[in-house]
Every structure is written in C-alpha cells, then in structure tokens.
Amino acid sequence: MRALLVVVLALVLAASAAAAPRSDVFTRVRHGYADSDGVPIHYAALGRRGPLIVMIHGFPDFWYSWRDQMAPLSRRYRVVAMDLRGYNLSGQPSGVASYALGLLVNDVAAVIRANRATEAIVVGHDWGGAVAWSFAMTRPEMTTRLIILNSPHPRGLLRELRENPRQEANSAYARFFQQEGSHLGLTPESLASGFADPTVRARYAEAFRRSSFEGMVAYYKANYPRAPYADLPLPAVTMPTLVIHGLRDQFLLADCLDGMWNWVARGVTLVTVPEAAHFVQHDAPALVTKTIKSWLASEGLPR
C-alpha cells in the first residue's frame with residue numbers, strides 16, 4: 001500500500017503543478033476567522049463590493065488554490081476563499097467524527113455569516129465540491145448559485161462506484177486513506193513538490209506544515225462512500241448550477257456526470273475541459289475564470 005501512496009501523490013502533484021500565478025493574491029488578501037461551534041475557520045478575502053462568493057478547496061490544498069480566480073472575480077464580487085478544517089490556519093479538531101459532512105456544511109454557513117451575509121454563491125473543488133453540493137441541498141436559502149469543479153453529484157459517484165469497475169478501481173487511493181495510519185506517509189514537502197514555481201511551492205509547503213494530515217485523511221474515513229454504494233434519496237438542487245470538469249481526471253471519472261441534470265431542478269450548465277486533469281482551476285485557470293464570469297453574467301449577476 002505504500003507503493004500505492006507514492007503513485008497517488010505523483011498523480012496529485014502532476015495534476016496540481018502550475019506555472020507562476022498570473023495575479024498572485026497572497027499578499028493582497030484580508031484574513032479573517034469564522035466561529036463554527038468552537039472551531040475557527042480561516043478565510044482569505046478580496047474585494048469589498050458586490051455579491052459574496054465563497055470558495056472551498058479540496059485535497060490536498062488550501063485557500064490559495066483559487067489564486068488565479070480571486071483577483072478577476074474581486075472586481076465585481078466579495079470573494080472569500082476558506083481553509084477547510086484541518087488545513088492551514090483553520091482549526092484542527094481531533095477524531096474522524098469531527099470531519100463529517102454535516103460539520104463541514106456548518107463551516108461554510110459560519111463563513112457566510114462572518115462576512116455579514118445571509119447567502120452566497122458557493123464554489124467548490126474536489127472535497128470542497130462535495131461540501132458545496134451538500135450545502136446547496138441542505139441550505140438552499142443560503143445558496144444563490146452553485147459552481148462545482150471536478151466533483152460529481154453524490155448520486156452520480158455512488159452509481160459509478162456500483163456499476164463502473166473503472167471508478168471503483170480509481171478509488172484505490174481513497175481506500176488507502178481510509179486505513180489506519182495512512183496519514184503517516186504524507187509530508188509537507190512531498191505534497192508541495194509538484195509546483196514548478198518555487199514561491200508557490202514554498203507557500204504550499206508552509207501551509208501543509210501547519211495542517212493536520214490526520215484531519216486530511218479523515219475526510220475519506222468519514223465521508224467517502226463504501227460498498228454496497230446504495231443510492232441516497234437526496235433533495236434536488238434548487239439553484240442554477242455550473243459544473244466545470246477536467247476530462248483527464250484520474251480520480252473522479254467524467255462518467256459520474258451522466259444524469260446529473262436529473263438532480264438539479266433549476267438546470268445545470270456543464271463545461272468540460274479535455275486537456276485539464278483533476279485540478280482544472282490550476283490546469284486551465286484563464287478558462288475557468290472566464291467561464292465563471294460569463295456564466296454569472298448570464299444569470300443576471302455582474303461580469
């Protein structure tokens with residue numbers, strides 16, 4: 001299984017590797033904290049006017065995942081990129097139960113309230129996408145629009161795990177992280193080493209040194225589906241939804257997207273990016289930003 005971990009890390013790093021950011025926001029953001037039932041949730045904010053956008057990263061990442069999107073969007077929006085619990089400057093509670101999906105949903109609500117808002121455009125990638133789907137379904141009154149990057153609807157993932165041997169095989173990394181002690185194979189340097197730009201690499205390594213690797217893998221232990229993958233009677237997503245998916249994703253196959261429109265009552269816009277892998281916002285940053293801005297404008301919001 002250690003060999004599997006090496007392969008997983010290599011794939012993650014290759015997907016994450018990116019050139020120097022075109023508009024580095026690291027020194028420009030404002031930092032704040034939301035109190036989520038005693039767990040501090042850190043966020044970085046940019047922009048002071050317009051509707052609120054809350055951006056949620058995945059594994060292994062931190063708020064800086066959105067560095068290429070934050071500055072362009074901040075011209076018309078208040079953009080808030082949060083650190084998920086367990087990561088970087090957010091709280092790191094102990095125990096797998098502390099990373100259950102319901103608590104992660106509460107964290108997003110706390111960030112919205114901390115920014116003096118009652119609702120937001122919610123954007124999520126990977127685990128952040130899973131949180132965003134769940135937030136939209138359980139807190140529709142707080143979700144004006146939903147934007148998902150490389151994170152299939154939960155029912156689509158469950159179906160593919162049941163019926164598609166390729167998706168089951170490609171979930172081997174998740175099975176590894178569900179094992180006891182799987183966090184011991186992770187290091188800040190290995191997780192950050194795939195970034196070509198030394199400044200970006202150093203920032204990721206610093207964030208991972210502050211993170212809880214036990215917390216990172218707890219997401220898989222608490223939430224990643226296990227056999228027999230029974231379908232869930234989830235409520236429909238009731239707000240307009242944009243899904244952007246890199247088709248070279250080796251972890252969450254594009255097959256999971258099939259039928260997604262059946263679970264989104266207001267309609268879903270699907271944009272696929274053939275040359276992008278799992279980290280589509282890193283692989284095709286300009287396209288992702290342009291797509292988000294254009295879609296929001298088509299929904300009557302600022303461009």
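Let's start with Asp-35, which sits in strand E1 (strands, E, are DSSP runs of at least two residues and helices, H or I, of at least four, numbered from the N terminus). This is a predicted model, where local features need pLDDT of at least 70, side-chain atom pairs count only at pLDDT 80 or more, and totals for chains, interfaces and linings use all residues. Residues are numbered from 1 along each chain as its sequence is written, and side-chain values use heavy atoms, leaving out hydrogens and water.

Asp-35 counts as exposed because its relative accessibility is 58% (exposed is over 50%, buried under 20%, partly exposed in between, with a 1.4 Å probe and protein chains only). Its side chain comes to 2.7 Å from the backbone nitrogen of Gly-38.

## The sheet

Eight strands make an open sheet with mixed pairing, in the order E1-E2-E4-E3-E5-E6-E7-E8 (two strands pair if DSSP finds at least two bridges between them). At the edges are E1 (30-36) and E8 (268-273), each pairing on one side only.

Strand E7 (residues 241-246) runs parallel to E8, and six bridges join them. His-245 has Thr-272 in E8 as its bridge partner.

## A buried histidine

Now for His-282, in helix H11 (residues 280-283). Is His-282 buried or exposed? His-282 counts as buried, because its relative accessibility is 5%.

Definitions and conventions:
A polar contact is a pair of N or O atoms within 3.5 Å; within protein, one must be able to donate a hydrogen and the other to accept it, and residues adjacent in sequence count only if both atoms are side-chain atoms.
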